[in-house]
Amino acid sequence: LNADILPFESSKFNADDFLSTCLNLLANASSTEYDNDDTQANAATHKTNKNLSVAFSIGYVTIVRSLLGFREDDLMQMSTLIKQHHVMDHSAGVVLPINARVLSRNMLPFDLFLDEFPTSQLLVWTGHGEPP
């Protein structure tokens, strides 16, 4: 599941709505999709583990011309959302898609984030025609 859920300078996207909707859809899907040979005894285990194959690729609306890069506060907002919604407990984890130019301006907040969520990953990207 992929969305730019937090603003990096400006956005009108509601991160809580996105995460709540996705997690509810996953919970509903896993509660109705059982193999014919599943018994009630192992249904709860099946329901718990099914969503562990879905990862959240959640990032920031990015302006590549930003001069300063991400701040600790930016990553703390993401950390708070992940904890509030128990994303790590109900999915395969989190991938943070981050623009390479913006990341290069300040990598420390991402070190702290990866320390807090060691199974998460960074997807560092760049686009055609970006300014140097």
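Predicted model: local features only at pLDDT ≥ 70, side-chain atom pairs only at ≥ 80, totals over all residues.
In what follows, a residue is called buried when its relative accessible area is under 20%, and exposed when that value is over 50%.

Let me begin with the overall picture. The protein has 132 residues, of which 35% count as buried, and its secondary structure comes to 5 helices and 4 strands. Reading from the N terminus, the elements follow one another as β-α-α-β-α-β-α-α-β. If we take the contacts between residues at least 6 apart in sequence, 77% of them join residues that are at least 24 apart.

Now a word on confidence. The average pLDDT of the protein is 78, and 72% of the residues reach at least 70. Helix H5, residues 108-116, has the highest mean, at 95, whereas helix H2, residues 40-50, has the lowest, at 46. Over residues 39-48 the pLDDT stays under 50, and for this stretch the model has 7 contacts beyond four places in sequence.

With that said, I turn to the helices H3 and H5, which pack with their axes 9 Å apart and at an angle of about 20°. Because angles under 35 degrees count as roughly parallel, H3 is roughly parallel to H5, and the crossing in which H3 passes H5 is right-handed. On the H3 side the contact is made by Glu72, Leu75, Met78, Ser79, Ile82 and Lys83, and on the H5 side by Pro109, Phe110, Leu112, Phe113 and Glu116.

Ile82 has a relative accessibility of 2% and so counts as buried. Which residues does Ile82 touch, leaving aside its neighbours within four places in sequence? They are Ile58, Val87, Met88, Val94, Phe113 and Phe117. Of these, Ile58 is 24 residues away from Ile82 in sequence, and the two C-alpha atoms are 9.7 Å apart in space.

That brings me to the aromatic rings, where a search of the whole structure finds 3 pairs. In one of them, Tyr60 and Phe70, the ring centres are 4.8 Å apart and the planes stand at 55°, so this pair is tilted. Tyr60 belongs to strand E2, residues 55-61, while Phe70 sits in the loop between E2 and helix H3, so the pair ties together parts that are 10 residues apart in sequence. Tyr60 counts as buried at 2% relative accessibility, and Phe70 counts as buried at 1%. Phe113 and Phe117 have ring centres 4.9 Å apart and planes at 45°, so that pair is tilted as well; Phe117, at 8% relative accessibility, counts as buried.

Ser104 is found in helix H4, residues 100-105, and with a relative accessibility of 51% it counts as exposed. Between the C-alpha atoms of Ser104 and Leu68, which are 36 residues apart along the chain, the separation is 9.6 Å.

Notes: Residues numbered from 1 in each chain as written. Heavy atoms only, no water. pLDDT = per-residue confidence, 0-100. Helix = DSSP H or I, 4+ residues; strand = E, 2+ residues; numbered from the N terminus. Contact = heavy atoms within 4.5 Å. Phe/Tyr/Trp six-rings, centres within 6.5 Å; stacked < 30°, edge-to-face > 60°. Buried < 20%, exposed > 50% of the residue type's maximum accessible area, 1.4 Å probe, protein only. Axes fitted to C-alpha atoms, helices over the stretch in contact; angles between N-to-C directions. Parallel < 35°, antiparallel > 145°, perpendicular 65-115°, else oblique. Left-handed = near helix turned anticlockwise from the far one by under 90°.
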